[in-house]
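User: I would like to learn how to read a structure like this one, feature by feature. Please show it first.

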Amino acid sequence: MALQRPKGTQDHLPEGSPKLSLDVKASAFAFVQDTARRVMERAGAEFIATPLFEEAELVRRGVGGSTDIVRKEMFTVYYFGDHGGYVLRPEGTASIVRAYLQNGLRQLPAPLKLWTHGPMFRAENVQKGRLRQFHQVDYEVLGSKDPLIDAESIWLMWEVVRELGLSGVRVKLGSIGDPADRETYNTYLQELLAAHVDRLSDDSKDRLGRNPMRILDSKSAGDQALIAELGVRPMLDFLGEEARAHFGAVQGYLSDWGVPFDLDPSIVRGLDYYRRTAWELHHEGVGAKSALGGGGRYDGLAAQLGGAEVPGIGWAFGIERLLLALEAEGVQLPAPEGPALFLAALDEENVGLAARIALEARSAARVEFAYRALKPGNAFREADRRRARYAAVIGSEEAAGGVLNVKSLATGAQRAVSVSELRTFLLEQA
Ligand code: HAM
């Protein structure tokens, strides 16, 4: 058998590929990215890009040494003579905060809104919607603690979902408080669960010492039954005064703006840098345990990476998961556009001329041409197949007169356009 791609990765394929599902369709990826970009740029976000690999230490300190991501899911990068101190990035936030600190972006007006998209890498157990190389759209705001920013960030995610045309999305909102609140809560959980360790799953036994809150997020039915039976109190009961006021303000804005959300005390998130507001967007088509996207506030992250105290908040969508949700809902994505114009020569001696006219017209629009002479019927069929808006053929008459009969493939209407005015014609159609 020919060589295969690595497990947990996908190829993004062009239109017309056999067995094309939405989550591997390149144009569907582009549609999701473009929609998210539009929403974020309208909010004033600037694009940023960071390397695909980073110092392992950045991820360890940023995402957190006790997380599954750091303990079990890192791809280590080796190259000749190197010590293996680099890893493929599992997420974008730690890198963006590193770039912010390293490049003096603090001098830019605050709050600074940044966005990026690209592949992320986690060596997870592969299943539907859970890949080893997946793609995120990521939005981050640095330099403000204001709950208005939290609400605006969540609103933007909701706006992306709306613009994509998804209807079955739920926002699950929680707060994991300030570090001191979390410490109190973790102690509470440890004390409560210590007497029942033997009933916990191995993963949760492990978490009890290191990160007890993560037990609430356990996928084991036995763990969940125990949590229900013990009537474990939610983190929200343990919020300090400031975190509580902040969370109240976030909810107030969202309610005012008509963003529907469910308070979800089980939101704990799988990364250590969060404090206060944390949320996830869920969709049935992706599975109850898998979020479409999630985010939260991370006011301590910059200092944790050795920089100044810079508050931050952000979110990321998994693009593959958005596509699975779109597929599950049967949302029709706009068909990718074909060329504005398709040109074909009717005889071999005019193929070069048709090509030259097409190449020059490309400064105005997408223009394609036939690489060999075609009969008129075949030329228009080919234009149709490529979803062109207009088509024209070039025979000896057009070559001599310098005028093309440009046909609209939608209406069949024809119009004489001189070669010298072709660019203007195409610009007018845009
Ligand atoms: P996260 O919840 O780890 O957060 O990932 C965000 C989204 O990425 C998930 O909701 C999911 O859609 C997608 N995702 C994660 N892992 C996989 C996977 N193995 N396969 C497919 N999709 C996946 C973060 O990454 C944070 N950096 C978000 C953030 C930004 N928080 C603040 N700023």
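Analyst: Phe369 sits in strand 13 (residues 367–369). Helices (H or I, at least four residues) and strands (E, at least two) are DSSP runs, numbered from the N terminus. The model is predicted: local features need pLDDT of at least 70, side-chain atom pairs count only at pLDDT 80 or more, and totals for chains, interfaces and linings use all residues. Residues are numbered from 1 along each chain as its sequence is written, and side-chain values use heavy atoms, with hydrogens and water left out.

User: Is Phe369 buried or exposed?

Analyst: Start with the cut-offs. Buried means under 20% relative accessible area, exposed over 50%, partly exposed in between (1.4 Å probe, protein chains only). Phe369 has a relative accessible area of 9%, so it is buried.

User: Which residues does Phe369 touch?

Analyst: Contact means heavy atoms within 4.5 Å. Not counting residues up to four places away in sequence, Phe369 touches Phe342, Leu343, Ala355, Ala358, Leu359, Arg362 and Arg386.

User: How do I read the chain as a whole?

Analyst: Count the elements, then the burial. The chain has 15 helices and 16 strands. Of its 430 residues, 51% are buried. The C-alpha trace spans about 90 × 55 × 45 Å along its principal axes. Among contacts between residues at least 6 apart in sequence, 69% join residues at least 24 apart.

User: What makes up the largest nonpolar core?

Analyst: A nonpolar core is a set of buried Ala, Val, Leu, Ile, Met, Phe, Trp, Tyr and Cys residues joined through side-chain atoms within 4.5 Å. The largest here has 89 residues; Tyr185, Leu281, Leu292, Trp315, Phe317 and Leu326 touch the most other members. Helix 5 (residues 147–164) gives the most to this core, with 9 residues. Apart from it lies another core of 24 residues, including Ala340, Leu341, Val351 and Val406.

User: What does Leu326 contact?

Analyst: Beyond its neighbours within four places in sequence, Leu326 is in contact with Leu22, Val32, Leu164, Leu166, Val331 and Leu333.

User: Why is helix 11 described as largely enclosed?

Analyst: In helix 11 (residues 319–329), 8 of the 11 residues are buried, so the rest of the structure largely encloses it. Among the buried ones are Glu320, Arg321 and Leu326. The cover includes helix 1 (26–42), strand 6, helix 5, strand 9 (275–283), strand 10 and strand 11. After helix 11 comes Gly330, with a positive phi near 65°.

User: Which residues come nearest to the ligand?

Analyst: A residue is near a molecule if one of its heavy atoms lies within 4 Å of it. The ligand has 27 residues around it, and Glu91, Thr93, Glu124, Leu131 and Tyr274 come nearest. Next, check polar contacts (pairs of N or O atoms within 3.5 Å). A polar side-chain atom of Glu91 is 2.5 Å from a ligand nitrogen. A polar backbone atom of Ala291 lies 3.0 Å from a ligand oxygen. For Gly314, a polar backbone atom is 3.4 Å from a ligand nitrogen.

User: Which element gives the largest share of the shell around the ligand?

Analyst: Strand 10 does, with 6 residues.

Technical notes
Polar contact = N/O pair within 3.5 Å; in protein donor to acceptor, adjacent residues only side chain to side chain.
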